[in-house]
Amino acid sequence: MEPPQSDFAGFLWRVSVADVGADGAFSTFNGIDRTIVLLEGGGFGMYTDGERVHDLAECFVPHEFPGEQAISVQLHGAPTLDFNLMVRRERASGKVLVLREQNSRCLPADTALLYVARGAACLSDESGLQQALRCGEFARLRDGRGARLPDLLCTPGSVVLAVCIRPNPEGTQS
């Protein structure tokens, strides 16, 4: 969450991993852009006013939608585990990138957070210091503005979700 320790009314962006175990309605959030990514399970249909607006059935495919949209879900069977990004639209824009490469990768300058969704990865900085990351672990990165971000090294078959946040200029919307 940015800023750290902020409450719901004051966050710029926040990330969570959540279980969806039953059909039901998502909470609505005015002024928030949302991105959901299926991590495991059978997925679900997303409905607005009884009409399907999206089928979240394939793992590691981000789906963006406005937080004001009234969404209910119907599971395709098994419960799911989902990755969720919420960004306060008036202050920033956000994107979830799915990184699958098995070699070094320079992260985009606006990368704020990494989540290892499958396999394992390692961050390596310019001094050679390394931080190992296992499946299910997050890595919070320093502000990329003016500072070199570490390289990401993925093991074969790994999937890492990179949360990229771009603050909006004062008083504008994305």
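A salt bridge (a side-chain nitrogen of Lys or Arg within 4 Å of a carboxyl oxygen of Asp or Glu) joins the side chains of Arg166 and Asp110, with an N to O distance of 3.1 Å. This pair links distant parts of the chain, since Arg166 belongs to strand β16 and Asp110 to the loop between β10 (105-106) and β11, 56 residues apart. Strands here are DSSP runs (E, at least two residues), numbered from the N terminus. The structure is a predicted model, in which local features need pLDDT of at least 70 and side-chain atom pairs count only at pLDDT 80 or more, whereas totals for chains, interfaces and linings use all residues. Residues are numbered from 1 along each chain as its sequence is written, and side-chain values use heavy atoms, with hydrogens and water left out.

A search of the whole structure finds seven salt bridges. One of them connects the side chains of Asp33 and Arg89 at 2.8 Å, N to O. Because Asp33 lies in strand β3 and Arg89 in the loop between β8 and β9, the pair ties together parts that are 56 residues apart in sequence. With a relative accessibility of 27%, Asp33 is partly exposed, while Arg89, at 18%, is buried; buried means under 20% relative accessible area, exposed over 50%, and partly exposed in between (1.4 Å probe, protein chains only).

The backbone oxygen of Arg89 also lies 2.9 Å from a polar atom of the Asn168 side chain. Asn168 is placed in the segment after β16 and counts as buried at 16% relative accessibility.

A further salt bridge is formed by Glu137 and Arg134, whose closest N and O atoms are 3.2 Å apart. Glu137 is partly exposed, at 26%, and Arg134 is exposed, at 57%. Elsewhere, salt bridges that share partners join Asp33, Glu68 and Arg89 into one network.

Residues up to four places away in sequence being left out, the contacts of Leu85 (heavy atoms within 4.5 Å) include Trp13, Val15, Asp33, Val96, Val163 and Ile165.

Notes
Helix = DSSP H or I, 4+ residues; strand = E, 2+ residues; numbered from the N terminus. Polar contact = N/O pair within 3.5 Å; in protein donor to acceptor, adjacent residues only side chain to side chain.
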